[in-house]
Amino acid sequence: IALSLVLLIGAGLLIRSYQRITGASPGFDPTNVLSVRVSLPGFKYKTPDDIIAFYKRLEDRLKALPGVRHVGSNYLLPLSSVALAWEPISIEGYVPKAAGEDLIIASSGYITPDYFKAMGMPLLEGRYFDDRDVRGAPDVTIVDDKLAERFWPGQNAIGKRMRRGDSGPWRTVVGVVADTKEYEVDGEPPITAFYPVQQIGVGSRYIVLKTTTDPASLASAVTREVQALDADLPVYD
């Protein structure tokens, strides 16, 4: 009887955990999304401009494929084997309220303009990145609502400023998006800041395509378009 009770309790807890996980929203919509990883070798793509130009050509080719609605990219993806990069950030005018709060760590995403649309991540305030946000233009960022609420509670985050580390250029917040579960579906998401890769060349990226058809059916076409630009580049799932 005792053993049966232990098994029943364990089964009940497992069912509750499963219901909690399946009922939780990850903060993005994976329906009809294909993701592949491309990594540009540094000996061949030596400057940020080389990297940015390659990915711009690739995005244009992928957008032209039948059944593709949006194409975006990020350095890493949420709920992948490795979550987004962690970096210290500084908030303009922020005064720590307790010891140890002077070091602020946030997840970082390095994205193209249509990344949020491809991932189905809703915009809450402001705008997405666009063709204005290039190298030489004013430095900008998009933050998630957890970061905005933590440092600008009850305020409009648009127009506020933050930066990577403690000596980089100040970046103006131009948008706020809903937070995303990055490590586990039922876990508490970290604060996250996103930066336009048109301003910061990142050689390794996950390309995400939002499609109107079965995304797996486009995998070979994506590989073909990558290797049409550079036959030596491998494409990873």
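Trainee: Lys63 and Glu59 both lie in helix α2 (residues 48–63). How many residues apart are they?
Mentor: Four residues, about one turn of the helix. Keep in mind that this is a predicted model.

Trainee: What makes Lys63 and Glu59 a salt bridge?
Mentor: The N to O distance is 3.9 Å. The rule asks for a Lys or Arg side-chain nitrogen within 4 Å of an Asp or Glu carboxyl oxygen, so the pair counts. Side chains of opposite charge can pair when their charged atoms come close.

Trainee: Why is Glu59 called buried?
Mentor: Its relative accessibility is 10%. Buried means under 20%, so Glu59 qualifies.

Trainee: And Lys63, what is it called?
Mentor: Partly exposed, at 39% relative accessibility. That class lies between 20% and 50%, so Lys63 belongs there.

Trainee: Which residues are linked in a network of salt bridges?
Mentor: Glu59, Lys63, Asp114 and Lys117.

Trainee: How do you know that Arg61 and Glu225 form a salt bridge?
Mentor: Their closest N and O atoms are 2.6 Å apart. The limit is 4 Å, so the pair passes. Arg61 lies in helix α2 and Glu225 in helix α5 (residues 219–229), so parts 164 residues apart in sequence are tied together. Arg61 is partly exposed at 34%. Glu225 is buried at 13%.

Trainee: How many salt bridges does the rule give?
Mentor: The count comes to 15.

Trainee: Which residues lie nearest the centre of the largest pocket?
Mentor: Lys56, Glu59, Pro113, Asp131 and Gln198, out of 16 lining residues. The pocket holds about 290 Å³ of space. Helix α2 gives the largest share of the lining, six residues. By class, the lining has six nonpolar, two polar and eight charged residues.

Trainee: What makes β3 and β4 paired strands?
Mentor: Five bridges join β3 (residues 85–91) to β4 (residues 104–111). At least two are needed, so they pair. They run antiparallel. Trp86 stands opposite Ser107 in β4.

Trainee: How many bridges link β3 to β7?
Mentor: Three, in the antiparallel sense, with β7 spanning residues 161–164. Ser90 stands opposite Arg163 in β7.

Trainee: How many aromatic pairs are there?
Mentor: Eight by the rule. One of them joins Tyr45 and Phe54, with 5.5 Å centre to centre and 65° between the planes.

Trainee: What makes Tyr75 and Tyr110 edge-to-face?
Mentor: They are 6.3 Å centre to centre, with 85° between the planes. Tyr75 lies in the loop between β2 (68–74) and β3, and Tyr110 in strand β4, so the pair ties together parts that are 35 residues apart in sequence. Tyr75 is partly exposed at 31%, whereas Tyr110 is buried at 7%.

Notes
Residues numbered from 1 in each chain as written. Predicted model: local features only at pLDDT ≥ 70, side-chain atom pairs only at ≥ 80, totals over all residues. Heavy atoms only, no water. Buried < 20%, exposed > 50% of the residue type's maximum accessible area, 1.4 Å probe, protein only. 1 Å grid on protein atoms, 1.4 Å probe; cavity = no way out; pocket = protein on both sides within 12 Å on 5 of 7 lines; lining within 4 Å. Points joined across faces, edges and corners; volume = space filled by probe spheres on them. Nonpolar A, V, L, I, M, F, W, Y, C, P; charged D, E, K, R; others polar. Phe/Tyr/Trp six-rings, centres within 6.5 Å; stacked < 30°, edge-to-face > 60°.
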